[in-house]
Amino acid sequence: MWYYEVLLLTDGLFQIGWATRQCQFRQSYQDLDRGVGYDKHSWALDLSRQRIIHGHSTPYGKEPWKKEDIVQVYIDLELRRMMFGINGENLGIAFNSFDVEDGLYPAISLNQDNECIIN
């Protein structure tokens, strides 16, 4: 099991998760919804909208995140499971049976005025 944590320093839109090298992120402001998760080579959590995203979004989570929350991002490569947590509470399996391709990397999309610390 691997994981990383993200401390949110501001409120706002964050898409936090994993991506492969083939992920195509947004190229311009005209390409809306091109952050982490909207490409078939990425998976993300967006608790500001209480959704998980992998090409399309699905309801997930109990309440929106807020400033100073700590988000946990877990991956189990043997069982092919991705999970998320907030402030130490595991929110359950978000994705399973995914293809690792040539590797997965931590990935975050955020609005221009948002800040976070990645650990």
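## Overall form

Of the 119 residues in the protein chain, 41% count as buried, in a model that is predicted. The accessible surface of the chain comes to about 6900 Å², and carbon and sulfur atoms account for 48% of that area. Taken along the principal axes, the box filled by the C-alpha atoms is roughly 35 × 35 × 25 Å.

The secondary structure consists of zero helices and 10 strands, so that, read from the N terminus, the elements follow the pattern β-β-β-β-β-β-β-β-β-β. The radius of gyration is 13 Å, close to the 14 Å that the globule rule gives for 119 residues, and the chain is therefore as compact as a globular protein of that length. Among contacts in the chain with a separation of 6 or more, 53% are between residues 24 or more positions apart.

Five strands are arranged as an open sheet in the order 8-7-6-1-10, with antiparallel pairing. Strand 8 and strand 10 are the edge strands, each pairing on one side only, and neighbouring strands of the sheet are turned against each other by 20 degrees on average, when direction is ignored.

Strand 1, which covers residues 2-8, pairs with strand 6, residues 70-76, in the antiparallel sense over six bridges; within this pairing, Tyr3 stands opposite Tyr74 of strand 6. Strand 1 also pairs in the antiparallel sense with strand 10, residues 116-118, here over three bridges, and Leu8 stands opposite Cys116 of strand 10. In a regular strand, side chains alternate between the two faces of the sheet.

Strand 3, residues 42-46, pairs with strand 4, residues 51-54, in the antiparallel sense over three bridges, and the bridge partner of Leu45 in strand 4 is Ile52. These two strands form a hairpin with four residues between them, and Gln50, which lies in the turn, has a positive phi of about 55 degrees.

Strand 4 is joined in turn to strand 5, residues 56-59, by four bridges, and these two strands run antiparallel. Ile52, the partner of Leu45, has Thr58 as its bridge partner in strand 5. Strand 4 and strand 5 likewise form a hairpin, with one residue between them, and Gly55 in this turn has a positive phi of about 85 degrees.

## Nonpolar cores

Which residues have the most contacts inside the largest nonpolar core? They are Ile16 and Trp65, in a core of 24 residues. Strand 1, strand 2 (14-19), strand 3, strand 6, strand 7 (81-86) and strand 8 (89-96) each supply at least two residues of this core. Apart from it lies another core, of five residues, including Cys23, Val36, Ala44 and Ala107.

The surroundings of Ile16 can be described in detail. Leaving aside its neighbours within four places in sequence, Ile16 is in contact with Tyr4, Val6 and Leu8, with Trp43, Ala44 and Leu45, and with Trp65, Val71, Val73, Phe84, Ala107 and Ile108.

Key:
Residues are numbered from 1 along each chain as its sequence is written. This is a predicted model: local features need pLDDT of at least 70, side-chain atom pairs count only at pLDDT 80 or more; totals for chains, interfaces and linings use all residues. Side-chain values use heavy atoms; hydrogens and water are left out. Two strands pair if DSSP finds at least two bridges between them. A nonpolar core is a set of buried Ala, Val, Leu, Ile, Met, Phe, Trp, Tyr and Cys residues joined through side-chain atoms within 4.5 Å. Buried means under 20% relative accessible area, exposed over 50%, partly exposed in between (1.4 Å probe, protein chains only). Contact means heavy atoms within 4.5 Å. The radius of gyration is taken over C-alpha atoms; the globule rule is 2.2 Å times the number of residues to the power 0.38. Accessible areas come from the Shrake-Rupley method with a 1.4 Å probe; for residues, only the protein chains shown count as cover. Axes are lines fitted to C-alpha atoms, for helices over the stretch in contact, and angles run from 0 to 180 degrees between N-to-C directions.
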